[in-house]
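Please open the structure in your viewer and keep the selection tool at hand.

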Amino acid sequence: MLTSALARPFLVPSLSVTKMCRYAVLVAGVVLSPYCIGSTEAEPLGEAKRPFQAGERLMYEVSWLNFTAVVAVMEVARMDGRKDQAVARLVGTAQSTPVLTKFFPVDNRVESELDLDTLTPEHMMFRRREGKKKEDIEYVFHQKEGMVTAVRGGTTESLPIPAGTHDIISCLYYTRTVLPTSPGASLKMNVYHDKKNRPVEVRVEAIEMIEGAWGKSETVRVLVIMPFHGLFMNQGNIRVWITNDERRIPVRMKAKVVLGSIVADLVDGMVGIGSAEQRY
């Protein structure tokens, strides 16, 4: 399967191997990225209300035309903060599969320090390695002051941000906690990335049963709407399926491209996800 799938990009002039890899990395970025959902205001949250805990580890396979291009992992680890503050370290990685690495190696890593009371970020580091591109980005969020300090390419600058702004990984964990699950519900948020405040809206479309490596599960299908261009050849909307239970785990992400779709499916970390038999 890998051999035939690998040949497909060469048969389709509009999608070279390099472009396909970049698309796959972008969907892996849904797991890790600025195009997630969250809230515009930070409110204190008790531990009992959080659907995730330290030690959680979720692994995804990102594929295009049945070819697995990237493996993405999200992890949560508790870290020391001030005496009056609980902090977690969110770690996200995206690595190309061995076959794809020969053409376009990917080895990205994001680390975010998250205030567990407000679920807003304090500090984020992004180590990007895609093909020949190497870049390190660092953000320090001053939430109370409404500013972010960005260090990129040897340049440091401070820019204004709205209250409750998220980074490219904290947004997902906040959303898992506060997103209403009723069809028709919606949220709007701001994510800071690449020197810009990016407005994003998410809409709950339906409750849907889907099946994957985790078995069958009842999920909340949401549509992530991005009113800006450049993602997936100007087709920016992404659908995400989140388990309709206390853990609210994103089990599938899907984005249409010119040819087919990029899909990220959960393949490890399924412990605790209820089956259809358990739910009915």
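**The aromatic cluster**

Begin by selecting Y139, F141 and Y192, which ring pairs link into a cluster. Rings of Phe, Tyr and Trp (its six-membered ring) pair if their centres lie within 6.5 Å; planes under 30 degrees apart count as stacked, over 60 as edge-to-face and the rest as tilted. This is a predicted model, in which local features need pLDDT of at least 70 and side-chain atom pairs count only at pLDDT 80 or more, while totals for chains, interfaces and linings use all residues. Residues are numbered from 1 along each chain as its sequence is written, and side-chain values use heavy atoms, with hydrogens and water left out.

The structure holds three aromatic pairs. To inspect one that is edge-to-face, select F52 and Y173: their centres are 5.0 Å apart, with 75 degrees between the planes. This pair links distant parts of the chain, since F52 lies in the loop between α2 (17–32) and β1 (57–64) and Y173 in helix α4, 121 residues apart. Helices (H or I, at least four residues) and strands (E, at least two) are DSSP runs, numbered from the N terminus. Both F52 and Y173 are buried; buried means under 20% relative accessible area, exposed over 50%, and partly exposed in between (1.4 Å probe, protein chains only).

Return to Y139 and F141, which also form an edge-to-face pair, at 6.2 Å centre to centre and 80 degrees between the planes. Y139 and F141 are both buried.

**Around Y139**

Which residues does Y139 touch, not counting residues up to four places away in sequence? They are E122, H123, M124, V148, T149, A150, Y192, H193, D194 and K195. Contact here means heavy atoms within 4.5 Å.

Y139 also belongs to the largest nonpolar core, which has 59 residues; Y60, Y139 and V222 touch the most other members. Next, select strand β2 (residues 67–79), which supplies the largest share of this core, six residues. A nonpolar core is a set of buried Ala, Val, Leu, Ile, Met, Phe, Trp, Tyr and Cys residues joined through side-chain atoms within 4.5 Å.

**Helix α4**

Select residues 170–178, which make up helix α4; eight of its nine residues are buried. The buried residues are S170, C171, L172, Y173, Y174, T175, R176 and T177.

Now select strand β9 (residues 186–193), which is mostly covered, with six of its eight residues buried. β9 pairs with β10 in the antiparallel sense over eight bridges. Two strands pair if DSSP finds at least two bridges between them.

**Salt bridges**

A salt bridge is a side-chain nitrogen of Lys or Arg within 4 Å of a carboxyl oxygen of Asp or Glu. By this rule the count comes to 19.

Select D107 and R127, whose closest N and O atoms are 3.1 Å apart in a salt bridge. D107 lies in strand β4 (residues 107–115) and R127 in strand β5 (residues 120–130), so the pair ties together parts that are 20 residues apart in sequence. D107 is partly exposed at 29% relative accessibility, and R127 is partly exposed with a relative accessible area of 30%.

Move on to E135 and R152, a salt bridge whose closest N and O atoms are 2.6 Å apart. E135 is in strand β6 (residues 133–142) and R152 in strand β7 (residues 147–152), 17 residues apart. E135 is buried, with a relative accessible area of 14%.

Then select R221 and E205, which form a salt bridge with the closest N and O atoms 2.7 Å apart. This pair joins R221 in strand β11 (residues 215–225) to E205 in strand β10 (residues 196–212), 16 residues apart. R221 is partly exposed at 21% relative accessibility, as is E205, with a relative accessible area of 25%.

Finally, select R128, E130, K133, E135, R152 and D194, which salt bridges that share partners join into one network.

**The whole chain**

Of its 280 residues, 52% count as buried.
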